[in-house]
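Take a moment with the fold below before reading on. The paragraphs that follow lead you through it piece by piece.

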Amino acid sequence: MDLASQAHALVVLLTCMVLLCWAQERDYTVKEEQPENVRIGNLRKDLDLNLDPNIRLSSPLQFKPVYKTGDVPLVRVEANTGEIFTTNHRIDREKLCSGVFAEKRCFYEIEVAVLPDEIFRLVKIRFLIEDVNDNAPLFQSTVINISIPENTAINTRYPVPSAFDPDVGINGIQHYELVKSVSEFGLDIIETPEGDKWPQLIVQQYLDREQKDTFVMKIKVEDGGNPPKSSTAILQVTISDVNDNRPIFKDSELEVSVPENAPMGTSVAQLHAYGCRSGFQCADPLRLQQPDLCLN
Ligand SMILES: [Ca+2]
Ligand SMILES: [Ca+2]
Ligand SMILES: [Ca+2]
Ligand SMILES: [Ca+2]
């Protein structure tokens, strides 16, 4: 290596040392929702400062946190010891990282200046906020209404509006079930590649609005926390009508007697027809117009 190359290597080495001095980083992991004064770590120990005993310090070693403007301090650093603690401001992962995609990790960051000037460095501290299961999954509404036509084929699926759980991973939604079910309907869960779970109602039997026009069930959603949290909603299925029955007369035959001298226009009988559409039974017949049969 010639002299110029050696000089260049030395410059690169010195630059790296200076940058290392300034760009020190340290990561910690802390659970959300901890009470005040829970110890997270000790900077003096964890930064491995390796203070040169030959350097005379103008004042004792000190740690001075620098918070981002407007940030509520979620941790405090003891100036003399470098001990890091939680504060009386609760760390709420769901609030801190509300705009962050669920699959991304949630960090809280501060910088800490290490003083005095002789050993000055600015250390970037990142706190990885671990999720705890502090939210139950909830449906958007306590009553979910679904309308299904009565001629729906068996195995047809209807999406049920999903619940929402702001926690992530196993603490998010894991399971749906019908806790008060009927034989006409079943529930299946579709899982997307992103891991989202979508409940779907499956028609398991032929429906007949004229027999039964409303089914009331209860749907339960549960997360995978330990212990799990859950909630329920009423699932009300309304069977909508289709025109699947022709109207029928009350009597298939009608016998009337008419005097031979009856004038024209004389009413001789009244016809009864029903909009009875079940085909087999007519539990709640709809009475149609009842025309008179008249002489003409
Ligand atoms: Ca929380
Ligand atoms: Ca949860
Ligand atoms: Ca949480
Ligand atoms: Ca019908």
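In this predicted model, the largest nonpolar core has 16 residues. A nonpolar core is a set of buried Ala, Val, Leu, Ile, Met, Phe, Trp, Tyr and Cys residues joined through C-beta atoms within 7 Å. A residue counts as buried if 20 or more other C-beta atoms lie within 10 Å of its own, as exposed if 12 or fewer do, and as partly exposed in between, with C-beta atoms placed from the backbone. Val75, Val77 and Val112 have the most contacts inside this core. Strand 4, strand 6 (107-115) and strand 7 (121-130) are the elements that give two or more residues to this core. A second, separate core has 15 residues, including Tyr176, Val221, Val237 and Ile239.

Look at valine 77. Leaving aside neighbours within four places in sequence, valine 77 is in contact with Leu43, Phe63, Pro65, Gly82, Ile84 and Val112. Contact here means that two C-beta atoms, placed from the backbone, lie within 7 Å.

Now the sheet around it. Three strands form an open sheet in the order 2-5-4, with antiparallel pairing. Strand 2 (39-42) and strand 4 (75-77) stand at the edges with a single partner strand each, so one side of each has no neighbour in the sheet. From one strand to the next, the twist averages 20°. Axes are lines fitted to C-alpha atoms, for helices over the stretch in contact, and angles run from 0 to 180 degrees between N-to-C directions. Strands pair if DSSP finds at least two bridges between them. Strand 4 and strand 5 (residues 83-86) run antiparallel and share three bridges. Valine 77 stands opposite isoleucine 84 in strand 5. In a regular strand, side chains alternate between the two faces of the sheet.

Proline 73 lies in the loop between strand 3 (62-66) and strand 4. Is proline 73 buried or exposed? Proline 73 is exposed, because 12 other C-beta atoms lie within 10 Å. Beyond its neighbours within four places in sequence, proline 73 is in contact with Tyr67, Thr87 and His89. Proline 73 and asparagine 88 are 15 residues apart in sequence, and their C-alpha atoms are 9.1 Å apart in space.

Move on to strand 13 (residues 214-223). Strand 10 (residues 173-180) runs antiparallel to strand 13, and six bridges join the two. Leucine 178 stands opposite isoleucine 219 in strand 13. Strand 13 also pairs with strand 14 (residues 230-240), antiparallel, through nine bridges. A hairpin of six residues joins strand 13 to strand 14. Glutamate 222 has serine 230 in strand 14 as its bridge partner.

Step back to the whole chain. It has three helices and 18 strands. Helices (H or I, at least four residues) and strands (E, at least two) are DSSP runs, numbered from the N terminus. Buried residues make up 18% of the 296 residues. Among contacts between residues at least 6 apart in sequence, 65% join residues at least 24 apart.

How far can you trust each part? The pLDDT is the predictor's confidence in each residue, from 0 to 100. The chain averages 85, and 83% of the residues score at least 70. Among the elements, helix 1 (residues 3-22) has the lowest mean pLDDT (46), and strand 9 (residues 157-159) the highest (98). Over residues 7-21 the pLDDT is below 50, and this stretch has one contact beyond near neighbours in sequence.

Residues are numbered from 1 along each chain as its sequence is written, while chains are lettered from A and ligands numbered from 1 in the order in which they are written. In this predicted model, local features need pLDDT of at least 70 and side-chain atom pairs count only at pLDDT 80 or more, while totals for chains, interfaces and linings use all residues.
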